[in-house]
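I opened my notebook to look up a few things in this model.

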Amino acid sequence: MEMGTLVSWEKKEGDKLNEGDLLAEIETDKATMGFETPEEGYLAKILVPAGTKDIPIGKLLCIIVENAEDIAAFKDYKDISEPVKEKPKPKEAKTEAMPSPSPSAPAAPSTISPASATRPATQPVGGRLFASPLAKKLASEKGLDLSALTGAGSGPSGRIVARDVLSAEAAGTVFAAGASYVDIPLTGMRQTIAKRLLESKQTIPHYYLTVDLVVDELLKLRSELNNMLSSENIKLSVNDFIIKAAAMACRHVPEANSSWQGTFIRQFHNVDVSVAVSTDAGLITPIVFNAESRGIKEISQEVKKLAAKAREGKLQPQEFQGGTFTISNLGMFGIKSFAAVINPPQACILAIGSTERRIVPDENEPYKVANVMTVTLSCDHRVVDGAVGAKWLQVFKKMVEQPFTMVL
């Protein structure tokens, strides 16, 4: 965490505070957490109002005094710990020879006046639209706004040519003139997701292994166990069995239960499975700790509890930070298969697709109709070689297709 949002103050200035009282609610990049009063006293001054965003670590939030009579001394207190931001000074002219702008391209203005800021997007500030006749014709036919590409053309001196229009249209970077849209501010969680997943794809050499699983026996066992547990109002999901099977496979192939640490590989003894949960604010991965040693009933209850807390934004840091292996399940949305992005610094993530009826070969008959699930294992090639990833999937496949082996 580098910044946070002060959601609300639960105490007012002048209130008496007891150690452990809920003082404020702080939104981190992943959850909203209660901030407890660190010591007894009185809340003399609130320095950061509720609703303030992007508060850096170490920022002074409030003043707590020991005695009530000291409250008045801080009535007009202001935080002067932060340096005053000075206005940027104009850059000094340099004496080196600078290349002069091309006479064919209009110079961009150094400032934008209020009047120019209100001009239509199709009238670029500072001069005419610098595009070829064919580019203008194509843009007009397609209802596109060329001002979004001003200065970014591939022709001479940044001139927009026909290929720029076609490329921009394919990439969706040029909005139609008069297009209706809304800009959605980024939450702390969304910024963190963007940062970490970009880091993952840029720095981790992903590769993907896909296998089909016949889950008839698992579905049969699940149905039997749910009938047994009906009196306890407990219903096991297929995902609960997947978590257990993945944890057991990690015990048999510990190389997959590892992480890249720059100068060494850290291999974990316990299997702490991160389970991807979708919330209104974004994706979060609460952890089922020691999943390899838990029963499926206990795993089911833990997952339901963590998922509910995640959607309410009430997860504590220790409940989602860490983990040694991740599972992401989109099968309930009808997704047949997909390749998930690795959750760093973990080495593997398992993507679960939907279950569908398929015709498959049979030992005794030419074929049979079976329930088949497709899963894809994304691996960090720095940690898990292809043969190791394939071995892990072999063990996982056996656990799922013969679920009784999970207890061996």
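My entries follow, one topic at a time.

**Before starting.** I reminded myself that this is a predicted model.

**Entry 1: α6 against α9.** I began with helix packing, since two packed helices are described by the angle between their axes and the distance between the axes. I took helix α6 (residues 238–252) and helix α9 (residues 386–401) and found that their axes come within 9 Å and cross at roughly 140°. I noted the crossing of α6 past α9 as right-handed. Next I listed who makes the contact: α6 brings Ile 242, Ala 245, Ala 246, Met 248, Ala 249, Cys 250 and His 252, and α9 brings Trp 392, Val 395, Phe 396, Met 399 and Val 400. Sorted by class, this contact of α6 with α9 has 11 nonpolar residues, one polar residue and no charged ones.

**Entry 2: α6 against α7.** I stayed with α6 and turned to helix α7 (residues 296–311). Their axes lie 9 Å apart, and the two helices pack at an angle of about 115°. α6 and α7 are therefore roughly perpendicular to each other. Here, too, I wrote down a right-handed crossing for α6 past α7. My tally by class for the contact of α6 with α7 reads five nonpolar, one polar and three charged.

**Entry 3: the largest pocket.** How many residues line the largest pocket, and which lie nearest its centre? I found 45 in the lining, with Asp 29, Lys 30, Thr 192, Ile 193 and Arg 196 nearest the centre. The volume of the largest pocket comes to about 1300 Å³. I then checked which elements take part: β1 (3–9), α4 (188–203), β13 (282–284), α8 (317–320) and β15 (325–329) each supply at least two residues of the lining. α4 gives the most, with seven residues. By class, I recorded 20 nonpolar, 17 polar and eight charged residues in the lining of the largest pocket.

Entry 4: Asp 54 is not a glycine, yet its phi is positive, at about 55°. I located Asp 54 in the loop between β5 (41–46) and β6 (55–56). The peptide bond from Pro 344 to Pro 345 is cis, and its omega is near 5°. Pro 345 sits in the loop between β15 and β16 (348–360).

Note on methods. Residues numbered from 1 in each chain as written. Predicted model: local features only at pLDDT ≥ 70, side-chain atom pairs only at ≥ 80, totals over all residues. Heavy atoms only, no water. Axes fitted to C-alpha atoms, helices over the stretch in contact; angles between N-to-C directions. Helix = DSSP H or I, 4+ residues; strand = E, 2+ residues; numbered from the N terminus. Left-handed = near helix turned anticlockwise from the far one by under 90°. Contact = heavy atoms within 4.5 Å. Nonpolar A, V, L, I, M, F, W, Y, C, P; charged D, E, K, R; others polar. 1 Å grid on protein atoms, 1.4 Å probe; cavity = no way out; pocket = protein on both sides within 12 Å on 5 of 7 lines; lining within 4 Å. Points joined across faces, edges and corners; volume = space filled by probe spheres on them. Parallel < 35°, antiparallel > 145°, perpendicular 65-115°, else oblique.
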